[in-house]
Amino acid sequence: MFEQMIIAGFGGQGVLFVGKTLAYLGMDIGKNLSWLPSYGPEMRGGTCNCSVIISDDKIGSPIITNPDTLIVMNKPSLEKFVDAVKSGGLIVLDSSLIDSKVQRDDVTVKYIPAMEIAENHGNSQLGNMVMAGAYIKAREPIFSIDDLYESVKAHIPPAKMQLAEKNIELIKAGYEYN
Amino acid sequence: MGNKVLMKGNEALAEAAMRCGCRFFFGYPITPQTELAAYMAKKMQKNGGTFLQAESEIAAINMVYGASGAGARVMTSSSSPGISLKQEGISYIAGADLPCLIVNIVRGGPGLGGIQPAQSDYFQATKGGGHGDYHLLVFAPSSVQELADLTSLAFDKADEYRMPAMIMGDGMLGQMMEPVEFKEYVDLKDLPEKPWATTGTQMKRKKNIINSLYLTPEELEELCVKRQERYNKIMETEALYEEIQTEDADLIIVAYGTLARIAMSAVSEARSQGLKVGLIRPITLWPFPAKVFEKRAETSKAFLSVEMSMGQMVEDVKLSVNGKRPVYFYGRTGGMVPQQSAILAEIKKYIKNM
């Protein structure tokens, strides 16, 4: 496995957290991984992204030029990264926040109204978890949804276990969305 | 799953430092190393140590001087402009033969520069920085795990040779998360004794004096010569490096730190296209691993130093290769990171004429 993904959106959407969640998954299934945030002076509400690599082999460059996967949660980020995605790659797109379609026919695009789904579950903050579920669905069988549930539970302090359950509920909603 | 945890480089360094007995941290915040100080602020007191945010970098390094003189495992961390401010203190610490750890999470310079990753402090770290005949042990990790491992090695070697050690990282390494496995906490009682430390004579021994002022030139020269003997021994025995696919390589890339990983990816890609390329990754920048270059100057045709600077380490590569082979340079600076494709293009440029 050598999966390079960029997760991008506005600051505050939990973009870095989705990356961390998937990085933990990679670690827990025994893979090598790296997680690299964009850092620097940013405008409040500006764009934010992180690069996650999950690999069987030792990871060289932690910087991703051409991702296999783009998980994208706002329009400016889609515009920034859409052309960089490898031919044959995957784009998971929050269609409740991005009204445009991807103008490429050499990539698989998964449109999912993640924020809307999260709102329907009573937590508009967790659109990021819906995206994670949708991503796993698209990447089966290299990842398994049960491994992700386990991983999410394993890395939340016991005192906050109800948060893990809420996260899992939203991951499941994303996973089951057609 | 093992005992691996997922951590940022800055945090892993702080955790590793406390585990190997560092109980004093003096610093002043600066991007991109702030997580290191923040982690220390959170954990140091729980470990029975002292975290202090000083009023300036200069104050912080002088606190390091004092704590080290009293025999403590002590460190400070900063980024390029802050490290420049510390240079006077570093020279004093070297002149007083004291061990400590200084971390530089390098950013673009000169001046205030920027906050993105750079390697343009190589000269400052390896060729002095402060005044006088002195050196630092300089370690350049390329992964979060190596950052943790070298932190403990740096403290040990600093104590062994009674000299300051530096870890040079960059914003990429400080900010990125990778799985890391830590050693157990050492018992402070198990650390090597420091009979030279100013811990009080209890009226039982001659007093120890920590000082870097010697007004008699004969005396100062003698001290410098003795120190140089130690440096010579270190150059002989302590150089660390990693060699990858160099045995049959026509062209050898030289890169350190996180950039070595990008260079490694470029080397793999070149190899997959049938190009005979290898990589030497210096892990200690001082002492520079000169011997491996002498050896590889016999087997390869040329070297290419790839750096996030305008060309600094390339001088040490040239000195080590000593005119036997051409040494080329490729670099980006100011916070720009060379892309894998750009390094590959450089490789192709030189290898096609071989």
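**Note on salt bridges and cavities in the predicted model**

1. The side chains of Glu15(B) and Arg19(B) are joined by a salt bridge with an N to O distance of 2.7 Å (a salt bridge being a side-chain nitrogen of Lys or Arg within 4 Å of a carboxyl oxygen of Asp or Glu). Both residues belong to helix H1 (residues 9–19) of chain B and stand 4 residues apart, about one turn of the helix. Helices (H or I, at least four residues) and strands (E, at least two) are DSSP runs, numbered from the N terminus. Glu15(B) counts as buried, at 6% relative accessibility; buried means under 20% relative accessible area, exposed over 50%, and partly exposed in between (1.4 Å probe, protein chains only).

2. On conventions, this is a predicted model in which local features need pLDDT of at least 70 and side-chain atom pairs count only at pLDDT 80 or more, while totals for chains, interfaces and linings use all residues. Residues are numbered from 1 along each chain as its sequence is written, chains are lettered from A and ligands numbered from 1 in the order in which they are written, and side-chain values use heavy atoms, with hydrogens and water left out.

3. A salt bridge also joins Arg230(B) to Asp97(B), at 2.9 Å from N to O. This pair links distant parts of the chain, 133 residues apart: Arg230(B) is in helix H8 (residues 217–237) of chain B, and Asp97(B) is in the loop between helix H4 (80–95) and strand E5 (100–106) of chain B. Arg230(B) is partly exposed, at 23% relative accessible area, whereas Asp97(B) is buried, at 12%.

4. Lys194(B) and Asp159(B) form a further salt bridge, with their closest N and O atoms 3.1 Å apart. Here too the pair links distant parts of the chain, with Lys194(B) in the loop between strand E8 (177–180) and H8 of chain B and Asp159(B) in helix H6 (residues 144–161) of chain B, 35 residues apart. Lys194(B) is buried, with a relative accessible area of 14%, and Asp159(B) is buried at 14% relative accessibility.

5. Over all chains the structure holds 30 salt bridges. One network of salt bridges links Lys58(A), Glu146(B), Glu242(B) and Arg281(B).

6. The whole structure contains 2 cavities of 30 Å³ or more. A cavity is a set of points, on a 1 Å grid over the protein atoms alone, where a 1.4 Å probe fits but cannot get out; lining residues have an atom within 4 Å of a point. Grid points are joined across faces, edges and corners, and a volume is the space filled by probe spheres set on the points.

7. The largest cavity has a volume of about 50 Å³. Its lining includes Val106(B), Gln119(B), Met168(B), Asp170(B) and Tyr256(B). Strand E7 (164–170) and helix H9 (257–272) of chain B are the elements giving two or more residues to this lining, and E7(B) gives the most, with 3 residues. Because domain 1 (5–199 + 225–236) and domain 2 (242–351) of chain B both give residues to the lining, the largest cavity lies between them; the domain bounds come from an automatic or database domain assignment.

8. The second largest cavity has a volume of about 30 Å³. Among its lining residues are Arg73(B), Phe155(B), Asp159(B) and Lys194(B). H6(B) supplies the largest share of this lining, 3 residues.

Note on methods. 1 Å grid on protein atoms, 1.4 Å probe; cavity = no way out; pocket = protein on both sides within 12 Å on 5 of 7 lines; lining within 4 Å.
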